[in-house]
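Here's a quick briefing to read alongside the picture. Take a look at the chain below, then work through the notes.

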Amino acid sequence: MSLETVWLALLGLLLAGYFVLGGYDYGAQMLHPFLGRDGEEEKRTSGNAALDAIAPFFLGNEVWLVAFAGVLFGAFPHLEGTLLSGLYPLIVAILAGLVLGNAAVQLRRRSHGARGRRAWDVLIVLGGGVPAVAWGLVVGLLLRGVPRRADGSFHIGFGDVFSPFVLACGVTTALLFAAHGAAFVALRSGPELAAKARGTAANLLVGVAAVGALALLLTLFGAGASMTNRATSAIIAALIAVALGAAWWYVTRGNDVLAFAATCCATALPVLLVGAGHYPYLLITSAGTGLDIDHAITDDATLKILSGFGVLVVPTILAYQFWSWWAFRGRTGRRHPSYF
């Protein structure tokens, strides 16, 4: 395996890790007002159970996004320049949602009145929903293909973002992140709240399948994804369907661990679909040409220098993530107090 392929795999791994870990953050934020506690505890805490579930990991999961951006800037400078400039409005929406959601979660705990908490709740939902939809739109655009100018740059117009296929991808991703978040809340919460979260996750997974099927139909009729490697793409799409089916099966039967594992697979596989489905292209046009890995990656000397840092940084990120999960294992309220 060439060094270029290794770095591309690392780029995909970091983005997939962010989708999995940041995805349940977004999902829990979106579901926060709907997954409250029961009885007097719900009235007293104003329904912050979903935030309690993600509290020990909140902000820490953003490390994966920072690492992804670092690899993108360092190892794929030509892709970074083209991608960020072409997707500028969506990138700004993602970053704005991150800032808005993080600030709202932190400031909500300082609000003592019910009216003030409701205002922060709206911002928390937007802070989770806006990045989730925007990431889905990005995935849809990359799958469908982006228009390329004569100078080789890509420009995303209003009609490209609001095409039926791209919009379907945006809605599918938002619903998937919400279902992923519900599965995580079920895994982390007590019996009564876990049952409520399972029912929410099951309904959301049905929605994911329905809107995802629409995106697939659009592709079959020539108005959807334009894949370079169709056989590989079909296999990965089938794996996504299997993961969604497994998630629904396990969540309806109360197996929270396997249900969450299945939603983890479902949120990570779209990244593999974009990468493996278009390889060796990183950006594709509907005409079947685009920016390939040889033209997107930096020179060999820089890659070798970066590899030395990568050997240290990547294991550190994995060790930190493992430690945080181990330190805060168990259900909310048993091993740590309420945070938000």
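A crossing is called left-handed if the near helix is turned anticlockwise from the far one by less than a right angle, and right-handed if clockwise. Keep in mind that this is a predicted model, where local features need pLDDT of at least 70, side-chain atom pairs count only at pLDDT 80 or more, and totals for chains, interfaces and linings use all residues. Residues are numbered from 1 along each chain as its sequence is written, and side-chain values use heavy atoms, with hydrogens and water left out.

**The helix pair**
- The crossing of α9 and α12 is left-handed.
- On the α9 side, the contact (heavy atoms within 4.5 Å) includes L176, F177 and H180, while D256, V257 and F260 are among the residues that α12 brings.
- Sorted by class, this contact has ten nonpolar, three polar and one charged residues. Here Ala, Val, Leu, Ile, Met, Phe, Trp, Tyr, Cys and Pro count as nonpolar, Asp, Glu, Lys and Arg as charged, and the others, Gly among them, as polar.

**The whole chain**
- You'll find 14 helices and two strands here; these are DSSP runs (helices H or I, at least four residues; strands E, at least two), numbered from the N terminus.
- Of the 340 residues in the chain, 51% are buried, meaning under 20% relative accessible area with a 1.4 Å probe, protein chains only.
- Among contacts with a separation of 6 or more, 78% link residues 24 or more positions apart.

**Around L79**
- Leaving aside neighbours within four places in sequence, L79 touches L11, L72, L84, L282, L283, L291 and A296.

Conventions
Buried < 20%, exposed > 50% of the residue type's maximum accessible area, 1.4 Å probe, protein only.
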